[in-house]
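Here is a short report on one structure.

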Amino acid sequence: MRQGSPRISRREALVRGGGALAALAFFDSPLFAWGREGETTISFLDQPPAPPVAIPNLLDWQRLDSWIVPNERFFAVDHFGAASLDAQAFRLELGGHVAQPRSYGLDEVKALPRKEVAFALECSGNSGFDWFQGGIGNARWAGAPLALVLERAGILEQGIEVVFYGADAGEETVPYLSGLGKHIGDINLKMNFARSMSVAEAMDPSNLLCYEMNGAALPVANGFPLRLIAPRWYGIANVKWLTRIEVHDSRFLGPFMATRYVTVREESREGGSVWMRTGVGKSLLKSMTAKVTVKDGRHRVYGAAWGAPIARVEVKIDEGPWTAAEIDRGREHEFAWKFWHLDWSSPAPGEHQITSRAVDTAGNVQPAADDWRIAKKRTYWEANGQVTRRIRI
Ligand SMILES: Nc1nc2c(c(=O)[nH]1)N[C@H]1C(S)=C(S)[C@@H](COP(=O)(O)O)O[C@H]1N2
Ligand SMILES: [Mo]
């Protein structure tokens with residue numbers, strides 16, 4: 001919901017629309033309001049502490065009231081500061097191991113077929129720290145299919161990796177090693193932000209050269225004038241201020257692929273263990289309890305689920321059974337977050353714990369905090385374990 005736009009209750013919209021069709025259209029509109037008219041939110045006892053680093057617009061789960069997060073309230077993460085680009089002078093260069101290298105002006109990208117996708121973009125560090133619980137937002141992104149421009153360029157036989165470069169750049173320290181591993185010193189190099197995908201991943205028809213967010217030009221903080229939108233990938237893969245695409249003939253090992261965004265985990269094996277060091281890439285199945293409200297003595301738990309095709313969401317209160325929540329919104333959008341709620345009948349006064357878990361269509365369950373996938377992970381990325389929230393009734 002845009003700031004200043006009128007808030008319409010679900011009931012009011014149904015009455016006004018006067019029909020199933022109008023109701024459907026309303027549920028599909030970004031105005032979809034989350035909650036019951038006149039209910040009160042009971043604050044969680046656990047609240048994220050103030051962030052030690054500046055990440056604007058971290059999502060305040062308790063205040064979230066619309067399925068689409070408006071642009072002026074969408075979180076933003078950058079490593080080198082936002083690039084400030086001029087739309088008129090803008091060029092997207094496409095080259096490397098392609099038959100037809102070329103560059104596109106912004107108008108030329110906009111002249112290509114337009115596609116829209118609702119996608120919940122989550123930072124892979126979200127939930128990795130107690131202060132970092134709101135690095136996520138759901139928006140409608142529009143742009144040109146990436147596959148189309150790659151097809152037109154003609155990826156050559158030896159091309160195996162597609163590298164996306166942002167206009168933003170910063171110093172990277174590269175250790176200078178002798179052949180035997182003796183550390184001789186460091187070199188500092190200024191490099192552009194860059195991420196890569198395999199050719200097959202890049203050719204996914206959902207990937208967009210995105211210039212529009214929720215019906216407006218991309219805000220500067222979110223990548224104006226052009227960014228990659230790669231649904232079902234973590235935020236890091238969604239390169240902002242995109243100005244260069246190169247097809248390489250070898251794996252790309254830039255710092256945002258091979259050093260900075262790496263998950264380290266020890267896995268048990270027959271007779272020992274192996275250290276897994278894997279790149280942060282595709283998103284993982286996750287859910288979060290957003291708020292608990294009360295109206296006329298009736299309590300309700302609300303939340304969201306995303307990261308994989310959601311089959312259902314279950315909620316556990318204290319040591320009670322896992323109970324299926326109702327999914328309210330988002331089912332019809334493959335990559336968007338799903339909103340859910342569960343009625344909580346007559347909670348006893350006192351402190352309670354609420355845990356949610358999402359289950360995907362393949363039957364995978366969002367892991368518990370003590371699951372080896374979470375417990376044996378030594379880095380904070382990809383923290384998709386079940387979240388427990390505490391509340392006093
Ligand atoms: N060029 C560029 N793209 C970038 C980044 C960056 O620092 N530079 N940060 C990434 C990270 S870590 C995240 S979480 C997302 C955040 O997207 P948003 O700022 O639109 O929320 O952008 C990604 N794309
Ligand atoms: Mo991120």
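Where is Asn238 found? Asn238 sits in the loop between strand S10 (227-229) and strand S11 (242-248). Strands are DSSP runs (E, at least two residues), and they are numbered from the N terminus.

This is a predicted model, in which local features need pLDDT of at least 70, side-chain atom pairs count only at pLDDT 80 or more, and totals for chains, interfaces and linings use all residues. Residues are numbered from 1 along each chain as its sequence is written, chains are lettered from A and ligands numbered from 1 in the order in which they are written, and side-chain values use heavy atoms, with hydrogens and water left out.

**Asn238 and its surroundings**

Asn238 counts as buried because its relative accessibility is 2%. Buried means under 20% relative accessible area, exposed over 50%, and partly exposed in between (1.4 Å probe, protein chains only). Neighbours within four places in sequence are left aside here. Asn238 then contacts Phe119, Leu121, Arg227, Leu228, Ile229, Ala230 and Trp233. Contact means heavy atoms within 4.5 Å.

**Cysteines**

How many disulfides does the structure hold? It holds zero. A disulfide is a covalent bond between the sulfur atoms of two cysteines. Here the criterion is a pair of cysteine sulfur atoms within 2.5 Å. For Cys210, the closest cysteine sulfur is in Cys123, 18 Å away, so the gap is too far for a bond. Cys210 is buried, at 0% relative accessibility. Cys123 is also buried, with a relative accessible area of 10%.

**Ligand 1**

Ligand 1 is surrounded by 21 residues. The closest are Phe75, His79, Asp168, Arg227 and Lys240. A residue is near a molecule if one of its heavy atoms lies within 4 Å of it. The table gives polar contacts, which are pairs of N or O atoms within 3.5 Å.

| Residue | Protein atom | Ligand 1 atom | Distance |
|---|---|---|---|
| Phe75 | polar backbone atom | oxygen | 2.7 Å |
| Asp168 | polar side-chain atom | nitrogen | 2.7 Å |
| Asn222 | side-chain N or O atom | oxygen | 2.9 Å |

On its own, ligand 1 has 530 Å² of accessible area, and the protein covers 100% of it. Accessible areas come from the Shrake-Rupley method with a 1.4 Å probe.

**Backbone geometry**

Most residues other than glycine have a negative phi, and most peptide bonds are trans. Phe224 and Pro225 are joined by a cis peptide bond, with omega about 0°. Pro225 lies in the loop between strand S9 (216-217) and S10.

Asn57 is not a glycine, yet its phi is positive, about 60°. Asn57 belongs to the loop between strand S1 (40-42) and strand S2 (91-96). With a relative accessible area of 33%, Asn57 is partly exposed.

Arg232 is not a glycine either, and its phi is positive at about 70°. Arg232 lies in the loop between S10 and S11. Is Arg232 buried or exposed? Arg232 counts as buried, at 16% relative accessibility.

**An open sheet**

Four strands form an open sheet, in the order S17-S16-S20-S21, with antiparallel pairing. Strand S17 (323-324) and strand S21 (388-392) stand at the edges, each with a single partner strand, so one side of each has no neighbour in the sheet. Two strands pair if DSSP finds at least two bridges between them. Strand S16 (residues 310-317) and strand S20 (residues 351-360) pair in the antiparallel sense over seven bridges. Val313 stands opposite Ala358 in S20.

Methods
A polar contact is a pair of N or O atoms within 3.5 Å; within protein, one must be able to donate a hydrogen and the other to accept it, and residues adjacent in sequence count only if both atoms are side-chain atoms.
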